[in-house]
Structure formats: C-alpha cells, structure tokens
Amino acid sequence: AGVILGLIGMILRGQCCWWSAYTIGVLNVLIFFILFGVSSAVVLPFGDLCDGMPRTGEDTQSWLMTFSATGSLTSVDPVLVNLYADCLAKRGGFLWGVANVSKANITSRFSAFDTRLSIPEAVRSAALDVATNTEGLTLTKAHIAALSSTDPVFGKQNTTDLALAGTTETQNIVADQTLYHTTLATHITTVQANLAAAVAAQTTLQAAADLINTNLTRMTNQSVDTISEIATTIMRSGSCDQLNAMYENVRTPLCERLSKSLDAVWFLFFLMGVVWFPIFILICANSKHSQHSRGISSLEDEEHPAGEKKKKKGGEGENFEDKQKKKKDKGGGDG
C-alpha cells in the first residue's frame, strides 16, 4: 500500500500521498523488524537443532555431545547413546542394542538345547570310535583265523615211534596226545567260529556307530540352526526399521523443508524492513522535488504563497510613498 501511494504521489505530485507512504513505511519497518526479532528466537535454535540431528548412517557422536554437561560422551545416558547409535540413526539396527542385548546373549539363553554342549565332541568321538575300541580284535583276528591244532606251537611228538614201542605207557601217551590234539582242534574251531561272529558284530557295530555319528551330527546342526533362527527371530522382533522410518519421517519434513521455509520467512522479514530505507530516501527526494516544482521552498512559503507576499510588500510600498508625499505637502505649506 505504501509503495502504491508513493507511485500515486509521484504521478499526481501530491504531498499527502508521499507522507502517507512514508508513514506506512515506518509502520512496516517497525512491524517487520519486530517479526524478524521474534522469529529469530525460533528460527536460529531450530536451524542449529536440524544441523545437529544426524541423518541415517551418519555419525551420532557430535550430536550426542550436545547432551553432555562435561563435554564427554561418557557422561551422556547410555540408553540415549544406544538409542541413537543402534536404532534411530542406523539402518537395520535393533532395539535390543539399546539394552546392550546382542544375538550372542540371546543364543546363550538356549545353551541347554545345544547338543554340542550336552554331548561334547570329544566324548562323542571317543565313544563312537569303533576302530580304536575294537583294535584288539582287528590285530588278532588274522592270527586266530590261521590257528591249527597241528601247528608246532601246540607241541607235536612222533606218535608212530611211540606206537611201535608197544608198551602200555607209550600207548597211554599216544592216546593222551591224540585226545589233546582232538580237543584243541575242537576249541580252535569254536574260537574261529566265535571270531567270525565277532568280526560280523564289529562290522555291524561300525555301521551303527557311523549311523549314530551321522544322526548326532545332523541333530547338532539342526539344534544350532534352530537356536540361531530363534535368536534371529527374537532380534528381528526388536527391529528398529519402523523407528528409523518414523525418525526420518519427522526429521526430513522438519529439517529439509520446514527449516528452510522458516529461514526464508525470517530473511523475508528482514528484507521487507530493510527495503524501506531506500524507499524513504526516494520519498523524501521526490517530496522535495515536488515542493520545488510548485514554487515552495519552505513551510513558510507553503503557508504564504508568493502572490500574497507580493501584495504585502506592495502595500507596505504604497504606505511609504503616501508618507513621503504627505511630508512634501506639509513642507510646502510651511514655506
């Protein structure tokens, strides 16, 4: 409105329009500078706040230092530190980290179900090592299979010579030796039969041990995988993805859009106040120029126009001439 009145005053050369524009300008300066000062109390702290708030993935330490009274991060509440570092400003973070709970902590809670701990590997390997446990059979089975009652190791005498002797004593010796070798052969046959059963049992035992070892390995792996999956599910239940999204949904509109808009409005208040100062100079200069163009150089000239002043001066001149004429007439009369 003030600018419009100034333009009208420039066109019509009206003093009233000029000074109305000047008055409106003074009011605008006062209003905009007051708004500029008041908004500074909001815009400047808000801008500093947005400059400090970390984006997702950025370092949060400098921001968290603002909450420290001693200038050390150790004096900041650990919950607040973990909340920002492990959740709000971290993509893929977990809320469990705020309470210093890791996946390893959760996994340890299910250690009773871990077969690696209930059946230690060393114990399992020792119990299922059939080759070591049946090493004696493996080392002797070849020798046992080769046993024969006629082997010299079991003793052998010339029974033919003893039989030719024809004495009762020699006959008894021959009979005893024959019985010995017959009984020995029977026992050797029995041992060798039992050896075959033992070897078959060893083979069956080895197969069973391999099967048990395979099943235990599978069960161990399944227990480990199951515990890990449970821990992962629990960790995922504390995912910070939603909190991080809400944090960014608040930070981005406030700091990327609102803060810039507030800065623009704040600067606009200042600009709208400052822009009037050159307009004031223009108003005063044009007002003075308008006065000169109307033949008015001062306030006295405006109150007493030039025609009236001439009349006044002319009146004073006539009065002076009349006085001089009267003086001459009076002098002639005296003469």
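This is a predicted model: local features need pLDDT of at least 70, side-chain atom pairs count only at pLDDT 80 or more; totals for chains, interfaces and linings use all residues.
Tutor: Residues are numbered from 1 along each chain as its sequence is written, and side-chain values use heavy atoms, with hydrogens and water left out.

Student: Why is S40 called buried?

Tutor: Buried means under 20% relative accessible area, with a 1.4 Å probe and protein chains only. S40 has 15%, so S40 is buried. S40 lies in helix α2, residues 15-52. A helix here is a DSSP run of H or I, at least four residues long, numbered from the N terminus.

Student: Which residues does S40 contact, leaving aside its neighbours within four places in sequence?

Tutor: P45 and W266. Contact means heavy atoms within 4.5 Å.

Student: Why is V275 called partly exposed?

Tutor: Exposed means over 50%, and partly exposed lies between that and buried. V275 has a relative accessible area of 35%, so V275 is partly exposed. V275 sits in the loop between α12 and α13 (276-293).

Student: What makes a nonpolar patch?

Tutor: Its residues have over 30% relative accessible area and no salt bridge, and nonpolar side chains (Val, Leu, Ile, Met, Phe, Trp, Tyr) are joined within 5 Å. A salt bridge puts a side-chain nitrogen of Lys or Arg within 4 Å of a carboxyl oxygen of Asp or Glu. The patch here includes F33, F267 and V275. Helix α12 (residues 241-274) gives the largest share, six residues.

Student: How much of the protein chain counts as buried?

Tutor: Of its 335 residues, 23%.

Definitions and conventions:
Patches are made of residues with over 30% relative accessible area and no salt bridge: like charges are joined within 9 Å, nonpolar side chains (Val, Leu, Ile, Met, Phe, Trp, Tyr) within 5 Å. Accessible areas come from the Shrake-Rupley method with a 1.4 Å probe; for residues, only the protein chains shown count as cover. Helices (H or I, at least four residues) and strands (E, at least two) are DSSP runs, numbered from the N terminus.
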